[in-house]
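My entries follow the order in which I looked things up.

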Amino acid sequence: MRQTPLHLRVPEPPARPGAPSDFSYLHLQPAGAAARPDPLAEPNTMLALSQGLIRVLDDDGQAIGPWAPTIDTSQLIHGLKTMMLIRAFDARMFHAQRQKKLTFYIQSYGEEAISTAQTMMLQNGDMQFPSYRQLGILLAQGMPISDLMCQLYSNSCDPLKGRQLPALYSYKDYGFYSISGNLATRFLIGVGWAMASAIKGDTKIASSWIGDGATAEGDFQTALTFAQVYNAPVILNVVNNQWAISTFQAIAGGAGNTFAARGAGTGIASLRVDGNDFLACLAASQWAAQRARQNGGPTLIEWVTYRAGPHSSSDDPSKYRPADEWQHFPLGCPIARLKQHLIGLGIWSEDQHSAYQSEVEQQVLEAQKKAESIGGTMQEAHRSHANHMFDDVYFEKPWHLQQQEQQFKEGL
């Protein structure tokens, strides 16, 4: 009997360069349609939330439905201003990379709402284990942007002394665990930190971040297992921005199912959320933080968003996706949507928005001048850091490093 030959499926994106964008695969849901269970509900009672989409802002910028958060309007304005600062910072630093003032840069363009909103819902002492595009964790807390620029320049004021890739920040005082280029590792480490907090009887929770592409790594599934088995007080954030470096999210398993469903399948409370809806980001983060803090266990949140820019300064997205795809993304721009909502509330205006846009651009420019004046840029950094590359490697410098250091100084 003749058998049918087997075929290997290789997922393809719905559109390539030159073709019209197609987001029909997203399976969206109207604003206000998703139910809001009690934060301590059993995971198996909320499976629909891993397949639907939690949205608060409708097409007119109105907050509707059970997930609409109760929050002071000053906090909403703070969120808007933080997102505008992130975007202005990103634009100037990307330009600085093109001027060869730094070697490398990664933008958060289009994803500003997610990390900003979640950080606003956490407390001092909580720890976040970020991926590349969570600049909002720092800026929402008022991190001085000139300090960030010194790290990007790897200059004499870089707290990491030029030993880390630009944009891979590390700031313990802001609850920002050191970023690693091996992205999935931080997802698992965050779960371990949360477990340690519970073992000590502390009150602090953790928040781990991963992109859709990195969910294909083994650390992702291991993190889910440990979080579920030990009821770790952690928020597991999967930022589904549709693209890894140059591969569509289906390559990581997003075809035919959601990333939130992976959490649900492991027995974890899982939400699928509109990541460009600032109010939905606030509400989902608040819900997950409350669940973790009250010993309800972990929550996995799939944030549906879009990487508007290139993966990094080394990438050219026009090679693998339609050039204007960002303009067609059905969930829109997080800044524009929150602005519309605030104008509708009567607490913001187009004139205020334009004025603050100019203000924040000037703020970033002044910070850049300060960073360059006190520490220089990449060009000056190499000589400065070379003299200290043997320091802070061991608590007590071993003989072979002392020998190499002496040889290095003699060769200068």
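Before starting, I wrote down the convention for handedness: a crossing counts as right-handed if the near helix is turned clockwise from the far one by less than a right angle, and as left-handed if anticlockwise. I also noted that the model is predicted.

Entry on the helix pair. I looked up helix 1 (residues 73–98) and helix 2 (residues 112–120), and found that their axes come within 10 Å and cross at roughly 135 degrees. Helix 1 is therefore oblique to helix 2, and by the convention above I recorded the crossing of the two as right-handed. On the side of helix 1 the contact is made by Gln75, His78, Gly79, Thr82, Met83, Ile86 and Arg87, while helix 2 contributes Glu112, Ala113, Thr116 and Met120.

Entry on the largest pocket. I noted a volume of about 400 Å³ for the largest pocket, and a lining of 25 residues, of which Tyr132, Leu183, Gly211, Ala214 and His311 lie nearest its centre. Helix 5 (184–199) and strand 2 (206–211) each supply at least two residues of that lining, which by class has eleven nonpolar, nine polar and five charged residues.

Entry on the second largest pocket. Here I noted a volume of about 300 Å³, with 19 lining residues, of which Tyr25, His27, Gln249, Gly254 and Gly256 lie nearest the centre. The lining of this second largest pocket divides into eight nonpolar, eight polar and three charged residues.

Methods
Residues are numbered from 1 along each chain as its sequence is written. This is a predicted model: local features need pLDDT of at least 70, side-chain atom pairs count only at pLDDT 80 or more; totals for chains, interfaces and linings use all residues. Side-chain values use heavy atoms; hydrogens and water are left out. Axes are lines fitted to C-alpha atoms, for helices over the stretch in contact, and angles run from 0 to 180 degrees between N-to-C directions. Helices (H or I, at least four residues) and strands (E, at least two) are DSSP runs, numbered from the N terminus. Angles under 35 degrees count as roughly parallel, over 145 as roughly antiparallel, 65 to 115 as roughly perpendicular and the rest as oblique. Contact means heavy atoms within 4.5 Å. On a 1 Å grid over the protein atoms alone, a cavity is a set of points where a 1.4 Å probe fits but cannot get out, and a pocket is an open set with protein on both sides within 12 Å along at least five of seven lines; lining residues have an atom within 4 Å of a point. Grid points are joined across faces, edges and corners, and a volume is the space filled by probe spheres set on the points. Ala, Val, Leu, Ile, Met, Phe, Trp, Tyr, Cys and Pro count as nonpolar, Asp, Glu, Lys and Arg as charged, and the others, Gly among them, as polar.
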